[in-house]
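Here is a short report on one protein.

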Amino acid sequence: MKCINKILAVLLVPALALTIAGCGGEETELANRYNVQQTAYQTKHTDSSNSFFAEELCVGGSENLGTDTTDSQVAAGAGVFHTATGEITYAQNIYDKLYPASTTKILTAYLALKEGNLNDVITVSENAVDLDSDSSTCGLLAGDKMTLQDLLYGLIMRSGNDAAIAIAEYLSGDTESFAVKMNEEARMLGATNSHFVNPHGLPDEDHYTSVYDLYLLFNAAIKDDTFCDLINTTSYTVNYTHADGSEATQEWSSTNRYFSGEADAPDNFTVIGGKTGTTGDAGFCLVLLTENAAGEQIISIVLKADGRSNLYLLMNQILSGYGN
């Protein structure tokens, strides 16, 4: 299954290259984080000779759009990104710094698919399962052996923090080194209003993103058919091995309420999939890919909703009003 009808070519303009080259002083760069987005807007609309970075992206100004027609007060940020036209049709604080919660796992999965081997068998470490009792997990135990592909289903469908740590350790040896990789990749994708310190999104004041940056990361991830399969799966049976060699099986279901039947998408929209996220500081979050009646793919995002019901309420409002 193809998530994108047209492959997007994202090439860096000289202004972005200069930003990356100067990232030795990270705090200075983050303090001036809007420059790349402004450059993207200008190159797309005013300089056809230097428009490669923004040419196939949705870009826009800093003003809010459409918030007076929705219950926008229930969330801190939201956006609708029309991938076929390159338009941002709904914008609510899309460049503001917000906590991503488990939508962080979009980038973790993207890097795993980019650099890992789906058939590799990974042994879950003690560190990966050393989580608080209320943490979202796949129910893994230290010493469990599972393929990267299975861990990715646990990461996206069950939002497993244990799976996220296991994947990070597989790719980089430890979560700190993986976070460095995350930040490097985010900047390469233009997400300069983000900073990551872990692979799962558990609260940290230095772990943040924005609606627009999540659009950039998700837009890159959905180019991969395997990622599309991950977000489109409603249930999954995983078979793996415990440390003592015994066989184990789990049945996983998606945390996406559109797939569980607890929420209905607007008329004439087909939900392809997405990623949920929830913490006390981040509120209720959802990054979603849908297809409208014209067969056009829409990326829509809501961050820091004040409740799960209001998360889906606002998501439906911005889709039905601005996704056609």
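At roughly what angle do the axes of helix α4 and helix α9 cross? Helix α4 (residues 105-115) and helix α9 (residues 211-221) cross at roughly 35°, and their axes come within 9 Å. Axes here are lines fitted to C-alpha atoms, for helices over the stretch in contact, and angles run from 0 to 180 degrees between N-to-C directions. α4 passes α9 in a left-handed crossing. Left-handed means that the near helix is turned anticlockwise from the far one by less than a right angle.

From α4, the contact takes Ile106, Leu107 and Tyr110; from α9, it takes Leu217, Phe218, Ala220 and Ala221. Contact means heavy atoms within 4.5 Å. By class, the residues of this contact are 7 nonpolar, no polar and no charged. The classes are set as follows: Ala, Val, Leu, Ile, Met, Phe, Trp, Tyr, Cys and Pro are nonpolar, Asp, Glu, Lys and Arg are charged, and the others, Gly among them, are polar.

The model is predicted: local features need pLDDT of at least 70, side-chain atom pairs count only at pLDDT 80 or more, and totals for chains, interfaces and linings use all residues. Residues are numbered from 1 along each chain as its sequence is written, and side-chain values use heavy atoms, with hydrogens and water left out.

**Overall**

The protein has 12 helices and 9 strands. Both are DSSP runs numbered from the N terminus: helices are H or I with at least four residues, strands are E with at least two. Of the 324 residues, 52% count as buried. Buried means under 20% relative accessible area, exposed over 50%, and partly exposed in between (1.4 Å probe, protein chains only). Among contacts between residues at least 6 apart in sequence, 64% join residues at least 24 apart.

Why is α9 largely enclosed by the rest of the structure? Because 11 of its 11 residues are buried. Among them are Asp213 and Asn219, along with Val211, Tyr212 and Leu214.

**Pocket and cavity**

The largest pocket holds about 340 Å³ of space. Its lining has 23 residues, and Ser102, Ser136, Ser159, Gly277 and Thr278 lie nearest its centre. The elements that give two or more residues to this lining are β7 (270-279), β8 (283-291) and α12 (308-322). The largest share, 5 residues, comes from β7. By class, the lining has 7 nonpolar, 12 polar and 4 charged residues.

There are also 2 cavities of 30 Å³ or more.

The terms work on a 1 Å grid over the protein atoms alone: a cavity is a set of points where a 1.4 Å probe fits but cannot get out, a pocket is an open set with protein on both sides within 12 Å along at least five of seven lines, and lining residues have an atom within 4 Å of a point. Points are joined across faces, edges and corners, and a volume is the space filled by probe spheres set on them.

**Single residues**

| Residue | Relative accessibility | Class |
|---|---|---|
| Asn161 | 2% | buried |
| Ser159 | 6% | buried |
| Asn117 | 38% | partly exposed |
| Lys304 | 41% | partly exposed |

Ser159 lies in the loop between α6 and α7. Its phi is near 55°, a positive value in a residue other than glycine. Lys304 lies in strand β9 (residues 297-305). Lys304 too has a positive phi, about 55°, although it is not a glycine.

Asn161 sits in helix α7 (residues 161-172). Leaving aside neighbours within four places in sequence, Asn161 is in contact with Ser102, Lys105, Leu131, Ser135, Ser136, Thr137, His200 and Leu202.

Asn117 is in the loop between α4 and β3 (121-123). Beyond neighbours within four places in sequence, Asn117 is in contact with Leu148 and Tyr170. Asn117 and Leu171 are 54 residues apart in sequence, and their C-alpha atoms are 10.0 Å apart in space.
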